[in-house]
Amino acid sequence: SFVELATLRSCATSGESANVDQGFRVIRTLKPLKIARMLRTLKFSRIAGIFSSVGDYLRLPPFLIRAIKILLFIGLLVHASSCCFWLVKELSNSDEQMARFLRLQKLTPSSSLLDKYVVAFYFVNTVFCTIGFGDVFAINSAERAFCVCL
């Protein structure tokens, strides 16, 4: 991004390369805020308007429309959390650790993405429901930190 480029240029001219890594860490932690900006551009008010129109057309009671909206929101939240969990798992484990984890889940590294998604989806649902069966669990610090944020 422009901020990273400006930071890199100012550090290159001033010769302070030790502070570059720390500055980039701060900038990279702020990058998820870009997602919030993206969500504004989706204009969720239009989606709400579509739900209202469909509800009026089908003559659905308002509580049913609200229930459908809540279920869709929960589904999107669980899906996004499942994808983020698998991303953290892939990035924070070595190939050997991933192969061992997949063997424990009766999968192989060449298993389909759907099979891996089901494992992540199952894990996130057990975390959200506070069941925690223990058959899928966080192995390293990055995964544990992600679970705490869930």
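**Note on cysteines and helix packing**

1. A search of the whole structure finds zero disulfides, a disulfide being counted as a pair of cysteine sulfur atoms within 2.5 Å. This is a predicted model, in which local features need pLDDT of at least 70 and side-chain atom pairs count only at pLDDT 80 or more, while totals for chains, interfaces and linings use all residues. Residues are numbered from 1 along each chain as its sequence is written, and side-chain values use heavy atoms, with hydrogens and water left out.

2. For Cys-83, the closest cysteine sulfur is that of Cys-84, and the 7.0 Å between the two sulfurs is too far for a bond. Cys-83 counts as partly exposed because its relative accessibility is 35%; the scheme takes under 20% relative accessible area as buried, over 50% as exposed and values in between as partly exposed, with a 1.4 Å probe and protein chains only. Cys-129, with a relative accessible area of 47%, is likewise partly exposed.

3. Cys-147 is found in helix α8, where helices are DSSP runs of H or I with at least four residues, numbered from the N terminus. Leaving aside its neighbours within four places in sequence, Cys-147 is in contact with Phe-123 and Ala-138, contact meaning heavy atoms within 4.5 Å. The C-alpha atoms of Cys-147 and Phe-128, which lie 19 residues apart along the chain, are separated by 9.6 Å.

4. Helix α5 (residues 62–92) and helix α8 (residues 141–149) have axes that come within 9 Å and cross at roughly 165°; the axes are lines fitted to C-alpha atoms over the stretch in contact, and angles run from 0 to 180 degrees between N-to-C directions. That angle makes α5 roughly antiparallel to α8, since angles over 145 degrees count as roughly antiparallel, under 35 as roughly parallel, 65 to 115 as roughly perpendicular and the rest as oblique. On the α5 side the contact is made by Ser-81, Cys-84, Phe-85, Val-88, Lys-89 and Ser-92, and on the α8 side by Ala-142, Glu-143 and Phe-146. These residues divide into five nonpolar, two polar and two charged, with Ala, Val, Leu, Ile, Met, Phe, Trp, Tyr, Cys and Pro counted as nonpolar, Asp, Glu, Lys and Arg as charged, and the others, Gly among them, as polar.

5. The axes of α5 and helix α6 (residues 95–104) come within 8 Å and cross at roughly 130°, so α5 and α6 are oblique to each other. Trp-86, Lys-89, Glu-90 and Ser-92 of α5 make this contact with Gln-97, Met-98, Phe-101 and Leu-102 of α6, and by class it has four nonpolar, two polar and two charged residues.

Definitions and conventions: Helices (H or I, at least four residues) and strands (E, at least two) are DSSP runs, numbered from the N terminus.
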